[in-house]
Amino acid sequence: MGLLDSIFRAPPSKSAALAKERLQIIVTHERGNRRNSPDYLPTLKKELLEVVRKYVPIDQSQIKVHLDREDGCEVLELNITLPEEEQRLAQQRPNGGEA
Amino acid sequence: MATIIVVTSGKGGVGKTTTSASFATGLAQRGYRTVVIDFDVGLRNLDLIMGCERRVVYDFVNVINNEANLNQALIRDKRVENLYILPASQTRDKEALTKEGVERVLNELKAGFDYIVCDSPAGIERGALMALYFADQALVVTNPEVSSVRDSDRILGILASKSLRAEQGDEPVKEYLVLARYAPERADRGDMLSVNDVLEILGIPLLGVIPESQTVLQSSNAGVPVILEDSSEAGAAYSDLVDRFLGKDLPHRFTSAQKKGFLQRLFGGS
């Protein structure tokens with residue numbers, strides 16, 4: 001902050017424009033995430049898991065719930081990976097021998 | 001029935017406590033019975049800014065735990081009538097602020113006050129969530145700087161989803177922007193986000209612009225809310241902010257650079 005500095009100002013840097021642009025991008029992105037993962041999603045996942053488990057033994061990692069938003073249309077994608085046949089039979093008959 | 005206002009920001013060091021102290025003082029100066037509560041459990045500081053640190057005997061957590069009653073814990077301000085301070089506890093127990101406890105104390109305060117100002121801690125942990133949970137209105141304090149603006153946006157998301165009003169599906173918390181530490185000359189030069197830039201990004205109504213000012217530090221040194229320094233720019237800006245909050249239609253001041261004369265530029269002075 002010298003004497004000369006205050007008389008001959010530094011050329012404008014316009015870094016504020018860059019800040020604004022970066023903020024607009026990150027804020028829009030983060031708002032999108034908030035909207036795309038409503039509060040009920042974890043509960044929905046848990047309850048779905050319980051229903052499927054009544055029939056097929058699966059664990060938490062084998063169910064994927066994803067909500068997408070395109071052109072004002074929401075798509076709920078549900079992906080359940082069923083266990084291999086052998087594994088399932090083994091789990092169904094824990095006391096029995098090989099099928 | 002009192003109105004509950006949270007002063008929040010997400011980011012630390014942007015001026016929440018300064019704003020809480022001046023806002024509450026301004027409301028009380030205008031005749032409203034006002035209490036300002038420090039929610040920053042473990043890092044109590046509102047008492048220092050208000051200049052009443054040596055009069056703290058009991059605190060917010062003592063009242064929640066029924067170790068003291070409100071009359072014992074509330075500190076009456078010596079300068080301004082109608083103004084009371086409820087200091088935070090210095091306990092390190094983060095679980096000290098229970099939702100039920102906070103609710104009980106707020107309900108008790110509602111009976112005797114017009115305004116309850118909740119000074120939120122930084123972050124999005126329990127203290128911050130409790131400070132905003134019961135709010136009717138929110139002052140979101142933001143600095144014209146990228147991390148502060150981003151955190152403010154995050155807090156706006158939390159107000160819209162995690163507050164009692166959001167949970168019950170009531171009318172949402174009314175949000176206002178307080179842009180603090182603003183330097184008009186730097187914004188004019190393009191070195192700092194302008195008022196309009198921040199408004200455009202956050203999209204909430206502007207309650208006040210507080211200019212960067214040496215008086216803020218000087219008054220915190222002395223334990224005097226800066227609004228009481230009415231000859232200073234920051235003090236005047238807080239006064240306007242309070243009037244606007246109460247419904248007055250005032251133009252925003254200190255948002256554009258003042259033309260400095262050649263000599264003033266040479267010899268500085270702010």
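**View 1. One cavity of 30 Å³ or more turns up in this predicted model**. A cavity here is a set of points on a 1 Å grid over the protein atoms alone where a 1.4 Å probe fits but cannot get out. The largest cavity holds about 40 Å³ of space, a volume being the space filled by probe spheres set on grid points joined across faces, edges and corners. Its lining (residues with an atom within 4 Å of a point) consists of B:T18, B:S22, B:I49, B:V216, B:S219, B:S220, B:V224, B:P225 and B:V226. Two elements of chain B, α1 (16-29) and α11, each give two or more of these residues, and α11(B) has the largest share, three residues. Helices are DSSP runs of H or I, at least four residues, numbered from the N terminus.

**View 2. Here are the two ends of α11(B)**. B:S213 caps the N-terminal end of this helix (residues 214-222), with a side-chain oxygen 3.0 Å from the backbone nitrogen of B:T215. After the helix comes B:G223, with a positive phi near 70°.

**View 3. B:D59 is buried without a salt bridge**. Buried means under 20% relative accessible area (1.4 Å probe, protein chains only); a salt bridge needs a side-chain nitrogen of Lys or Arg within 4 Å of a carboxyl oxygen of Asp or Glu. The nearest side chain of opposite charge, B:R44, is 4.3 Å away. A polar atom of the B:D59 side chain does lie 3.0 Å from the backbone nitrogen of B:N62.

**Notes.** Residues are numbered from 1 along each chain as its sequence is written, and chains are lettered from A in the order in which they are written. Local features need pLDDT of at least 70, side-chain atom pairs count only at pLDDT 80 or more, and totals for linings use all residues, while side-chain values use heavy atoms, leaving out hydrogens and water.

Conventions:
Buried means under 20% relative accessible area, exposed over 50%, partly exposed in between (1.4 Å probe, protein chains only). Lys and Arg count as positive and Asp and Glu as negative; His and the chain ends are not counted. A polar contact is a pair of N or O atoms within 3.5 Å; within protein, one must be able to donate a hydrogen and the other to accept it, and residues adjacent in sequence count only if both atoms are side-chain atoms. On a 1 Å grid over the protein atoms alone, a cavity is a set of points where a 1.4 Å probe fits but cannot get out, and a pocket is an open set with protein on both sides within 12 Å along at least five of seven lines; lining residues have an atom within 4 Å of a point.
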